[in-house]
Structures are given as C-alpha cells and as structure tokens.
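Dear colleague,

Please find below the structure that I am handing over to you. I would be grateful if you would look through it before reading the notes that come after it.

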Amino acid sequence: MLVKLLAYNLQRLIKPILICAGLTVLTALIFYFTQYDTEFITHDTRTEEIIHASPFIVFVHGLFYNLYAICGVVLTVITLIRIWSLFQKNLYSDEAYLTYTLPIKRHIIWASHCLTALIAIIICMTTILLSNLCFNQDFISAPFQFGADHEPLLNTISYFCLILQLSFIAMCGFLGIILGHRHTKQTELFSRLWGFIVFTLGEALLLLTIFLFTKLNPAMQEIFQQARPSIECLQSLITLVAIVYAIYLLILYPVCQKLLDSADLN
Amino acid sequence: MSLLQYHHVSKRFGNTTVLDNINLEIPTGKIIGLLGPNGAGKSTLIKLANTLLTPTTGNITFQNQPLGVASKTEIAYLPERTYLDKTRTIRQTLDFFQNFYHNFDRAKAERLLDDLDLQLDTQILHMSKGMQEKLQLILVLSRHVKLYILDEPLGGIDPAARDYILDTILTNFDEGASVLISTHLIADIEKLLDEVIFLQNGKIILQDDADHLRAQTQTSIDEIFRKEFKNAR
C-alpha cells in the first residue's frame, strides 16, 4: 500500500517540479555554452589578442546566468510548496475523507508523504547540483569535480546537507500544518505561524550547536577568524550541520506521526 | 448479530459536547435511518465510525474488533462532501478505487456510470456538483462490503435526482449488508427504512423498528420525528 500511495502522490506532485527542473538545466546549459563562446571571443591565447565579444552573446550569457539563478530558486520554492500543498490537500481538505477511509494505517499515509517529499527534494537538489557543473568549464572532461574549488568530498557532504536541510524545512511545514489544523479557526494562518516557529527554533538551536562546537574545538575557530577557512574545517562544519538536521528529522518524524494519529478531521 | 458497536461514546470539541454517552449497535442486514435536526451530532457519530474523529471517551468496535484497516475494508462511506481529486478523470478515479479496495466491483461501477451516460474520460472538474455526488455514490455502492454509511446522501440534491439516488441505494447495496443513512430529509427516505435512530443534542432519544413504530403510533416516521423533536425542545 505504501508503494501505491507513493506512486499516486508522486504522480500528482512531480509534473511542475520536472518542468522547473528542465528549465533550470536548460538555462544552465545555455549559460555554459555562451560562456565558452564569450571566453573564446574575448581572449585568443594563441595570438594574445583581445577580441571583443559579441554584445549579443555577452547579453545572452548574463541573461541566462540570472535566469539560471531564478530557476534554481523557483525550483526549490515550488518543490516545497507542492510538498506542503499535497500534504494539506490530502490530509486536511475534503479529500481527507477519502484518504483517511482508505484501508491503510495512518502511519503508512504519513510515511508516504515523507518519502514523496524526500524524492521531490532529491530531484530538486540533484538538478541544481548537475546544473552547477556548468559553472565549471572543464565539466565535460572532469564531470564529477563539482564547483570551482574542485573538492569532491566537501561538495558531496554539502549536497547531502542541503537535502537534509530542505527535508527539515519540509518537515517544519508538515508540523506547522498539523498543529495549525488543531485550531478550529484560521487554520492556514496558524499552520504558517507554527511552521515558522518550529523552523526558527530549529535554526536557532543549530547556531547554538555550532557556537558550542567551535568553543569546545579550538581548531574550528578559524571559521570565525579567517576569511577562507580550510577545507577540513568546512567539512567538519557542514558534517556537523548535516548531523543536526538528521537528528531534527529523527525527532520530528515520530512527533508528527503521533500528532497525526490522534488528529481529528473537522 | 451487530456489526458496529458504540460503547459509552462521547465526543467533545473544547467545551462543547457533541455526543454524550452514546451506546448503539448497528445490526446486520438492515437499512437504518440516523435521523435528527442539523447539529444533532449525526455526522460526528458517523465520522467516529470512520476513524475521522477519535472519541473523547468510550470506544467503537466493528465486529467486536477495534476500528482499523479491517473495519475500513468492510465499511463503505459516503461523506456529505465531495472527496474526489477533481484533476482526475472518472477512469483514473475508478483505477484508484480498484487499486486500494480489493472489494471494488469495477464492472458494476462502469455499468452504473453508463446508466448516467457519463464518459470515463470526463474530468471530474468538468462535472456538475450533482454529477460528482452521483459518481461518488456509485463508487461507494460498487464496493462489496458489510456496512454502507451514507451521510446526507440527499443533501444538496434536487428533488428530481433524489429518486435516482434512493433507487440506486435500494437496488445496489450488497445483500446481507447494512446501510446506515443519515439525513434530516426524513420524508424522502422513510420508505427505505427498517430501523430508525433519532438523535438530538448529542443523545439518542429514540431507537426502534420502523414498522413497529408506525404501527404503534399509527403515523409516519416523519410525523413521529416532528413530534419527538418538538417535545424534546
């Protein structure tokens, strides 16, 4: 039943996310190819001659750089909004009368929404990661060296950390919706308010954890003292952040499940 | 033998008591009318049986087992509102029901839809509210279950369509199954009923066999309800 629910949820969720993901990749590719042309035209290394790039190519290059950034943000925002809206629609609108009367336990319904969210977030982050390769001019010859600093381990940890962070944001939204609907009036307002409160508390606690960690570990203090901290230091920091988000998710998952188990549909 | 049992069930929302110490048994093979004015607690009583609400006190059992997956499999519930995903077509909705309910009779659903001249590729969004309610009724009655719970199946339906709804209910529920119909439009469903339950202010004020009640009072259920309701006020 979990697989069936997951399939239905993804079917309903995925279309706009895939469209946005496609646009993000497209804008990144156009950016990459126009960048290649711009470099070629502006600086011919063989003759040491500076050639002015075509204003049109420079314009397109700049335009698609901005479009790529916008698409990345829109993709992330749309992914989160779709995840929350499906959850709200499925469990708290008229549709909930069908969802809750399906011969399925509530914790399976909850698990299906969490897995749907995770898959959507992985699609979103992987699209952004793959598109980012276009900012590395050598990506065709060295495709797995993400980013400008060519630090595969750091970038891989960052990728998982971002997935965990987005999952935490999605979970804050779920908890907000569940708590908001325990109010009889202005449920939408309370949903947003609760979501924001949980998210802010989580982020504040994360900052406190980082602060305490750097206090206890002098080697980490270069984060605050140096403009360009070492790769090892950044890796430790991002790993810590990822662990904190993972702990949040491990706490919030059963809390939401318990609240959902006793939730009334008014 | 009873199908559904309410044991000392109360439901409160904040300080408001919607159901107060309900003890009720729904027997097998009967059509039972759950009758009461608006706000009597009919929908709450039904939602509790469908696990949409949890009782504040007491408990509910289905065939002597706590409510859960087994009861959801054997109860077909028609809520008072449209719960279908409007972006889907009728065919996709049938697929959905077939996927999740092993006791869903697709051939029966398609036959009933055919009677209504509904095309399977019609998107639910493009159907009128009345048609959506009929589709929902067909989906519910196309399941082979032990208990059908219909919450206000005539609410919002024009008088001309009421006969279709009542006829569909009468001719399509499984033999040996029970039907619990909640309504305040008593005159329309009176002829269907084997048993009646009168609910007011969260309490059962009368429960009896419909024929016995008519013979005893020499009047219709509708009249009895009006009288009871007036007295209870």
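Predicted model: local features only at pLDDT ≥ 70, side-chain atom pairs only at ≥ 80, totals over all residues.

**Within chain A**

Chain A is divided into domain 1, covering residues 1–141, and domain 2, covering residues 151–266. At their interface, 25 residues of domain 1 of chain A are in contact with 22 residues of domain 2 of chain A. Together the two domains bury about 2300 Å², and 78% of this area lies on carbon and sulfur atoms. Three residues, A:Y92, A:R106 and A:W110, supply 32% of the area that domain 1 of chain A buries against domain 2 of chain A, which is more than any other three residues.

How many salt bridges are there between domain 1 of chain A and domain 2 of chain A? The count is 0. Polar contacts do occur across this interface, where 5 residue pairs are found, both residues being at pLDDT 80 or more.

On the side of domain 1 of chain A that touches domain 2 of chain A, the elements giving two or more residues are α2 (55–92), α3 (96–99) and α4 (106–132) of chain A. Of these, α4(A) gives the most, with 14 residues. Sorted by class, this side of domain 1 of chain A has 19 nonpolar, 5 polar and 1 charged residues.

**Between chain B and chain A**

Here 24 residues of chain B are in contact with 23 residues of chain A. The area buried between the two chains is about 2400 Å², and carbon and sulfur atoms give 58% of it.

There are 3 salt bridges across the interface of chain B and chain A. One of them joins B:R81 to A:D94, with the closest N and O atoms 3.0 Å apart.

Which elements give two or more residues to the side of chain B that touches chain A? They are β1 (2–13), α2 (69–74) and α3 (90–100) of chain B. The most come from α3(B), which gives 5 residues. By class, the residues on this side of chain B divide into 11 nonpolar, 6 polar and 7 charged.

With kind regards

Notes:
Residues numbered from 1 in each chain as written. Chains lettered and ligands numbered in written order. Heavy atoms only, no water. Domains from an automatic or database assignment. Contact = heavy atoms within 4.5 Å. Buried area = accessible area lost by both parts, 1.4 Å probe. Salt bridge = Lys/Arg side-chain N within 4 Å of Asp/Glu carboxyl O. Polar contact = N/O pair within 3.5 Å; in protein donor to acceptor, adjacent residues only side chain to side chain. Helix = DSSP H or I, 4+ residues; strand = E, 2+ residues; numbered from the N terminus. Nonpolar A, V, L, I, M, F, W, Y, C, P; charged D, E, K, R; others polar.
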